[in-house]
Amino acid sequence: MTKYIVITINAFLFSLAFSTSLKAEDGNNLLDICTTAVRFMDDNTIDLNSQQMLGFGMCLGFLEGAVNGMAAGMSGEENKAFCMPTVGGSISNGQKARIVVAYLKKNPALLHEDRLALVARAFMDAYPCSD
């Protein structure tokens, strides 16, 4: 866990210096950076270069903001696009990344779409609201 925190802090610092060199504005780039993040979380013995570290932080940070922002915006029951699990606490950023990577891999024809819309679709697919 400490290694993730150190990497996230380093990724933030790198993002200040290289913020225009790596952008995840569509599904192609989001899949790339989040696949790297998942791969590292599965095997944290692999070495990430500075670009990959930046991508790791961008993936987890973007997903944290996107999912939490969407969830906060869906305050009323009738406005919910997806229903996060309420048992067992909140889901981790790692789980969020795995959900998004799995969805993007399952739907390659959508990779040209906006990353935020794809994250919303991934969570609607993973956590549909029962009628």
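**View 1. Helices H3 and H5 pass each other in a right-handed crossing.** In this predicted model, local features need pLDDT of at least 70 and side-chain atom pairs count only at pLDDT 80 or more, while totals for chains, interfaces and linings use all residues. Residues are numbered from 1 along each chain as its sequence is written, and side-chain values use heavy atoms, with hydrogens and water left out. Right-handed here goes with the near helix being turned clockwise from the far one by less than a right angle, and left-handed with anticlockwise. H3 covers residues 50–73 and H5 covers residues 115–126; they pack at an angle of about 65 degrees, with their axes 10 Å apart. Those axes are lines fitted to C-alpha atoms, for helices over the stretch in contact, and angles run from 0 to 180 degrees between N-to-C directions. "Meeting" means contact, that is, heavy atoms within 4.5 Å. Sorted by class, this contact of H3 with H5 has nine nonpolar residues, no polar ones and one charged. The nonpolar class is Ala, Val, Leu, Ile, Met, Phe, Trp, Tyr, Cys and Pro; Asp, Glu, Lys and Arg are charged, and the others, Gly among them, are polar.

**View 2. The whole chain is built from five helices and zero strands.** Follow the sequence along and the pattern reads α-α-α-α-α. Helices (H or I, at least four residues) and strands (E, at least two) are DSSP runs, numbered from the N terminus. Of the 131 residues in the chain, 37% are buried, where buried means under 20% relative accessible area, exposed means over 50%, and partly exposed is in between (1.4 Å probe, protein chains only). Take the contacts in the chain with a separation of 6 or more: 71% of them are between residues 24 or more positions apart.

**View 3. Helix H2 meets helix H4 in a left-handed crossing.** The axes of H2 (residues 27–42) and H4 (residues 93–106) come within 9 Å and cross at roughly 130 degrees. That makes H2 oblique to H4; angles under 35 degrees count as roughly parallel, over 145 as roughly antiparallel, 65 to 115 as roughly perpendicular, and the rest as oblique. On the H2 side, the contact involves Gly27, Leu30, Leu31, Cys34, Thr35, Val38, Met41 and Asp42, and on the H4 side Gly94, Ala97, Arg98, Val100, Val101, Leu104 and Lys105. By class, that gives nine nonpolar, three polar and three charged residues for the contact of H2 with H4.

**View 4. Helix H4 also meets helix H5, with axes that come within 9 Å and cross at roughly 100 degrees.** That makes H4 roughly perpendicular to H5. H4 brings Lys96, Ile99, Val100, Tyr103, Leu104 and Lys106, while H5 brings Leu118, Val119, Arg121, Ala122, Phe123, Asp125 and Ala126. The contact of H4 with H5 splits into nine nonpolar, no polar and four charged residues.

**View 5. Zoom in on Lys96, which sits in helix H4.** With 3% relative accessibility, Lys96 counts as buried. Its side chain makes a polar contact with the side chain of Asn68, at 3.5 Å. A polar contact is a pair of N or O atoms within 3.5 Å; within protein, one must be able to donate a hydrogen and the other to accept it, and residues adjacent in sequence count only if both atoms are side-chain atoms. Skip the neighbours within four places in sequence, and Lys96 is in contact with Leu63, Glu64, Val67, Asn68, Ile91 and Phe123.

**View 6. Now move over to Thr36, in helix H2.** Thr36 is buried, at a relative accessible area of 10%. The Thr36 side chain reaches the backbone oxygen of Asp32 at 3.2 Å. Not counting residues up to four places away in sequence, Thr36 touches Leu48 and Gln52. Thr36 and Cys59 are 23 residues apart along the chain, and their C-alpha atoms are separated by 9.0 Å.

**View 7. Last stop: Glu113, in the loop between H4 and H5.** Glu113 and Glu25 are 88 residues apart along the chain, with 8.5 Å separating their C-alpha atoms. Leaving aside neighbours within four places in sequence, Glu113 is in contact with Glu25, Asp26, Gly27, Leu118 and Arg121.
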